[in-house]
Amino acid sequence: MTKVFVYGMSVDGDNFTDRKKETARLKLNFENGINTILISPRRMGKTSVVKKAIGELEGNDDVMTVYMDIYDCRSEYDFYNKFAASVIQQTAGRIEQWVDNAREFLSRLSPKISFSTDPMSEYSLSLGITPATHSPEEILNLPEIIARKKGKSIVICIDEFQQIGEMTDSLSIQKRLRGVWQHQQNCAYCLSGSKKHLMMNLFQNKRMPFYMFGETMLLERIPTSDWTEYIQGRFESKGKRISEKLCALICDTTENYSSYVQQLAWNVFAETEDVATEQNFDDGKDALIAQYSAFCQQTIQGLSTYQLNFMRAILSGVHSGFGSKKIMEEYNLGSKSNVTRIQDVLIEKEIIEKRKDGLFFADPIFAIWFGRESHVGMRR
Ligand SMILES: Nc1ncnc2c1ncn2[C@@H]1O[C@H](COP(=O)(O)OP(=O)(O)OP(=O)(O)O)[C@@H](O)[C@H]1O
Ligand SMILES: [Mg+2]
């Protein structure tokens with residue numbers, strides 16, 4: 001089925017737009033064995049761009065690629081099982097080779113093939129790796145051994161890598177990974193993740209094992225001109241039209257946040273008969289906010305009055321100088337040390353983020369929802 005607009009899953013084909021520079025750079029890094037760290041907020045397009053670059057390497061006989069998402073890995077050995085199974089599955093040509101390869105490259109196993117719960121593949125391989133069967137080093141070296149045997153290089157893309165930072169004893173795990181990976185001659189890694197502060201802490205902190213592991217890429221927003229071309233094209237593919245001005249409005253409202261652009265464009269499309277009107281846009285926007293209201297409610301649940309006051313200050317256009325007497329009094333933020341604490345918690349919760357000109361809401365739709373709710377609250 002060809003979809004007009006897509007959100008909530010990685011995109012490809014006609015639903016993938018722009019990102020030419022990033023795709024080309026990733027591809028170049030993959031071909032040349034450069035480790036890459038890819039960071040962006042949630043739903044900005046990391047997975048899509050990584051898969052796009054992997055797709056562009058098809059036909060290159062010298063480089064093999066492996067993609068895995070470790071979002072559901074809770075422990076170190078969860079990760080090793082996912083790592084080994086992904087490497088074996090994706091470097092073997094056919095399913096028939098999975099078990100043979102598993103036995104050849106990892107002894108002491110009884111591998112099983114079963115129907116997969118993963119929508120990407122029909123079957124999955126379970127290996128049953130435990131600390132009793134294999135050391136971390138054996139598993140982590142697996143791709144290097146396969147690469148040498150096949151006389152190719154292997155690029156291993158690990159998505160949602162911030163998960164490693166959440167594991168118990170994370171620092172020792174990171175030391176083990178880096179310790180093995182840095183000696184591999186035939187493998188390169190692409191580590192992507194959201195939760196910017198977690199990813200930054202893993203890779204930009206001098207005291208951490210993964211410091212300077214590779215080239216850091218911060219995924220930028222797709223520019224309005226590209227979105228406009230895309231949105232107009234998608235409307236036209238179904239015999240409808242939308243003006244440049246309304247496309248720009250969709251981008252402004254969502255701050256060019258990839259997933260929201262697609263979702264709002266879809267909402268407007270659904271409202272539109274032939275040519276999109278401002279009313280269609282307004283209705284589409286209201287629908288978007290309604291679709292997220294449960295999520296927004298949940299986000300503010302349990303926040304203290306001080307924290308909510310801090311957010312109201314941002315809403316009123318204050319982005320810095322929260323510790324000044326005037327602002328603390330006007331918005332009732334408590335003491336100066338309180339202000340720092342509130343700020344840290346709201347950043348940690350990813351409700352607000354630091355930008356060049358101060359503190360802003362991280363999520364544009366949440367910001368609109370919160371604005372409307374506070375307004376209602378004030379009138380009550
Ligand atoms: N290049 C693109 N062209 C068009 N839409 C895109 C593009 N990249 C991302 N999107 C939109 O953003 C959504 C999320 O994309 P994707 O899953 O790749 O992001 P992500 O950063 O990996 O998200 P998550 O943080 O949830 O893993 C897609 O469903 C799509 O709506
Ligand atoms: Mg993703």
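Biologist: Is K27 buried, partly exposed or exposed, and why?
Modeller: K27 counts as partly exposed because its relative accessibility is 25%. By definition, buried means under 20% relative accessible area, exposed means over 50%, and partly exposed lies in between, with a 1.4 Å probe and protein chains only. Please note that this is a predicted model, in which local features need pLDDT of at least 70 and side-chain atom pairs count only at pLDDT 80 or more, while totals for chains, interfaces and linings use all residues. Residues are numbered from 1 along each chain as its sequence is written, chains are lettered from A and ligands numbered from 1 in the order in which they are written, and side-chain values use heavy atoms, with hydrogens and water left out.

Biologist: Which residue forms a salt bridge with K27?
Modeller: E31 does, and the closest N and O atoms are 3.6 Å apart. A salt bridge here is a side-chain nitrogen of Lys or Arg within 4 Å of a carboxyl oxygen of Asp or Glu.

Biologist: Where do E31 and K27 lie?
Modeller: Both are in helix α1 (residues 20-31), four residues apart, which is about one turn of the helix. Helices (H or I, at least four residues) and strands (E, at least two) are DSSP runs, numbered from the N terminus. E31 also counts as partly exposed, because its relative accessibility is 33%.

Biologist: What about E22 and R19, buried or exposed?
Modeller: E22 and R19 are both buried. They form a salt bridge as well, with 3.3 Å between the closest N and O atoms.

Biologist: How many salt bridges are found in the whole structure?
Modeller: The search finds 13. One of them joins the side chains of K82 and D72, at 3.2 Å from N to O. K82 belongs to helix α3 (residues 76-91) and D72 to the loop between β2 (63-69) and α3, so this pair ties together parts that are 10 residues apart in sequence. K82 is partly exposed, at a relative accessible area of 24%. Elsewhere, E255, E353 and R355 are joined into one network by salt bridges that share partners.

Biologist: Let us turn to the ligand. How many residues surround ligand 1?
Modeller: There are 24, and the closest are V6, M9, R42, K46 and S48. A residue is counted as near if one of its heavy atoms lies within 4 Å of the molecule.

Biologist: Which polar side-chain atoms lie by an oxygen atom of ligand 1?
Modeller: A polar side-chain atom of K46 is 2.7 Å from an oxygen atom of the ligand, and one of E160 is 3.0 Å from an oxygen atom of the ligand.

Biologist: What share of the ligand does the protein cover?
Modeller: The protein covers 98% of the 630 Å² of accessible area that ligand 1 has on its own. Such areas come from the Shrake-Rupley method with a 1.4 Å probe; for residues, only the protein chains shown count as cover.

Biologist: Which elements give two or more residues to the shell?
Modeller: They are α2 (46-56) and α12 (258-271). In terms of domains, at least three shell residues come from each of domain 1 (19-218) and domain 2 (224-298).

Terms used:
Polar contact = N/O pair within 3.5 Å; in protein donor to acceptor, adjacent residues only side chain to side chain. Domains from an automatic or database assignment.
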